[in-house]
Amino acid sequence: MAAEQKTFYIDEDAGKDSEEQTGDETLPYKTLGYAVLTHTETPKFLVRKSLTGEIPEGGDESARLEWKPAAKAALKKAVNYAKTQQKKAAKEQEQIALRAKEEADRKKVLDEAKAVVIDEDKSLPEAVKIRLDDTDSTKIQLGDGADKKGTRVRVLGRVHRERRQKDITFVTLKDGYGFMQVLFQGNLAKTYDILTLTRETSMEILGELKEVPAGAKAPHNRELHADYFSIPEEWKAAGGEEAITNRVSKDQDPSVLLDLRHLALRGEERSKVLIVRDAVEYAFNTVYHELRLRKMSPPAFVQTQVEGGATLFKLPYYNEEAYLTQSSQLYLETCLPSMGDVYCIEKSFRAEKSLTRRHLAEYTHIEAELDFITFDDLLDHLEQVMCRVLEITLADPIIKQYVADLNPDFQMPERPFKRMKYADAIDWLVEHQIENEETQQPHKFGDDIAEAAERRMTDIINRPIFLTHFPFEIKAFYMPKDVEDPRVTESVDCLMPGVGEIVGGSMRMHNYDDLMAAFAREGIDPAPYYWYTDQRKYGSSPHGGYGLGLERFLAWLCKQHTVRDCCLYPRYFTRCKP
Ligand code: 4AD
């Protein structure tokens, strides 16, 4: 007599696919697939539909509760499902076994590696310590891999990238000055430290510098064939979960990258921008000295405003109230009689309550003040300074390369810069149907041209623009009116494609009475400005100046989306860390 066929129950409504179920009538499964998968013998499967499903019209209410043999098609589907699941499980097992084997193999290799000890060969020539960008041919000779020996050098840096081949490990080392390709072969490649090398680990390497083989590429066309290296324990960078590549990557959320800016700065692009920044700052200093401007350092704690009360950072100052300076302009003006033309590179602070890509709460402000000039002199000087700064910056081949990497389309601006009066810009915006975003109406004379409209205009014109002669109502109190058109001031904004305004400047009101009238008009008490108004009492002069936002200049030069990436640790609305 044949053994009775075992029966399993599937209740598609109240059943459960889990190990606690036995599959009998009281503890049914939920799906036929699961039942087939867990019972490889070929039992009988009884299925009941649903306690809650629709009953066809005229149908029997009790039919819902009836157990019926599984339909053929459903059974076939379930068998296929079970087969795929079994295959998947088998594959997973295989993978687990493979990983276990790999781990065991790696452990064996690492255990053996721990026993590999390397010693420096003292018979080799003494190594010369160099930086990674050092190409001084008087001390460094490249070996050719045949009879010509290369200089033995000693370098210190961090692992930028590593690549392992069978018996050789390639490391790209970096030291903030450059990159170097380093090869570890023989016993060196078998050491525990090289086999477990993590990115950002610091190391000291000694070896011979050789030309790269024909067809291969490496920085400065050379590679270091290590003969010895050392990595003190505390020089090692975290690996695994904590590896730097897990903490900062290009697709990471921008706010996380800002929290981890101390690590993000190690990335190639971030560091290039800051190295270009150093070169640009140096170039400004050089140009100003060429033009005989003198560098001053005005105070950061002040008790007067320059650019409107809305963006002042107030703070207690002993028993008084003070602000963080918005601009050093007024102080620079006081230097003219004794120091001649002057400039400063200082921080300015603005309590901007907006999160735009070109506003910071703390930025580096390059400001200059020139004595006995006309408005045209001011514009000519500004154009000269900006172009000469670019010339000096790009004269350094490394910086030129960095700018090309960051901004491949960069071209020196065409001279002379386009000069456009505010009134003509209003006409231009009307013609190009760019509306005033506040009123949703065409722009009209007197409107403050908002950031977006200004940027659209600059991007379409696509060259630097000196936008001049703004109406006095929308400009700061110190700007003098144009004698030919008293509706406007002798003022200028320099606009750059991709960024918009990077410079704001003007002539300064130098008549005492005009200045006092301007204070009254703006409702500013002139008393705290006694030191500023006194300039108009003791030998006043036609003078003017400007302020350039270094981060905005860099955003333009290095094609950065935001000024936040153009300073070390950006400060802006809601961010004051790290
Ligand atoms: O146009 P602004 O406000 O002009 C002045 O402060 C003048 N007192 C300067 C002077 O004549 N000495 O600012 C000048 C420049 C702007 O063109 C812009 O590049 C930058 O400073 N700037 C900012 N950069 C980053 N974040 C901010 N919140 C900025 N505000 C101004």
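The following legends describe close-up views of a predicted model.

Local features are described where pLDDT is at least 70 and side-chain atom pairs where pLDDT is 80 or more, while totals for chains, interfaces and linings use all residues. Residues are numbered from 1 along each chain as its sequence is written, and side-chain values use heavy atoms, with hydrogens and water left out.

View A. In the side chain of Ser 327, an N or O atom is 3.0 Å from a nitrogen atom of the ligand.

**View B. The buried side of helix α12.** In α12 (residues 422-431), the residues Tyr 422, Ala 425, Ile 426, Trp 428 and Leu 429 are buried. Buried means under 20% relative accessible area, exposed means over 50%, and partly exposed lies in between (1.4 Å probe, protein chains only). These residues lie on the same side of α12 because they cover an arc of only 160° around the axis, the arc being that of the directions from the helix axis to the C-beta atoms. An α-helix has 3.6 residues a turn, so residues three or four places apart point the same way. The buried residues of α12 pack against β16 (418-421), α13 (451-461) and β19 (465-468). After α12 comes Gln 433, whose phi is positive, near 55°.

**View C. Strand β9 and its partners.** Strand β9 (residues 222-230) is largely enclosed by the rest of the structure, because seven of its nine residues are buried. Strand β7 (residues 179-185) runs parallel to β9 and is joined to it by three bridges; two strands pair if DSSP finds at least two bridges between them. Within this pair, Leu 183 stands opposite His 225. Strand β8 (residues 202-211) pairs with β9 in the antiparallel sense over eight bridges, and Ile 205 stands opposite Phe 229 in β9.

**View D. An open sheet of three strands.** The strands follow the order β11-β13-β12, and their pairing is antiparallel. The edge strands, each pairing on one side only, are β11 (301-302) and β12 (313-317). Five bridges join β12 to β13 (residues 320-324), and Lys 314 stands opposite Tyr 323 in β13.

View E. His 160 is found in strand β5 (residues 152-164) and is buried, with a relative accessible area of 13%. Its side chain makes a polar contact of 3.1 Å with the side chain of Glu 268. A polar contact is a pair of N or O atoms within 3.5 Å; within protein, one must be able to donate a hydrogen and the other to accept it, and residues adjacent in sequence count only if both atoms are side-chain atoms. Leaving aside neighbours within four places in sequence, His 160 is in contact (heavy atoms within 4.5 Å) with Thr 172, Lys 174, Phe 179, Arg 199 and Glu 268.

Notes: Helix = DSSP H or I, 4+ residues; strand = E, 2+ residues; numbered from the N terminus.
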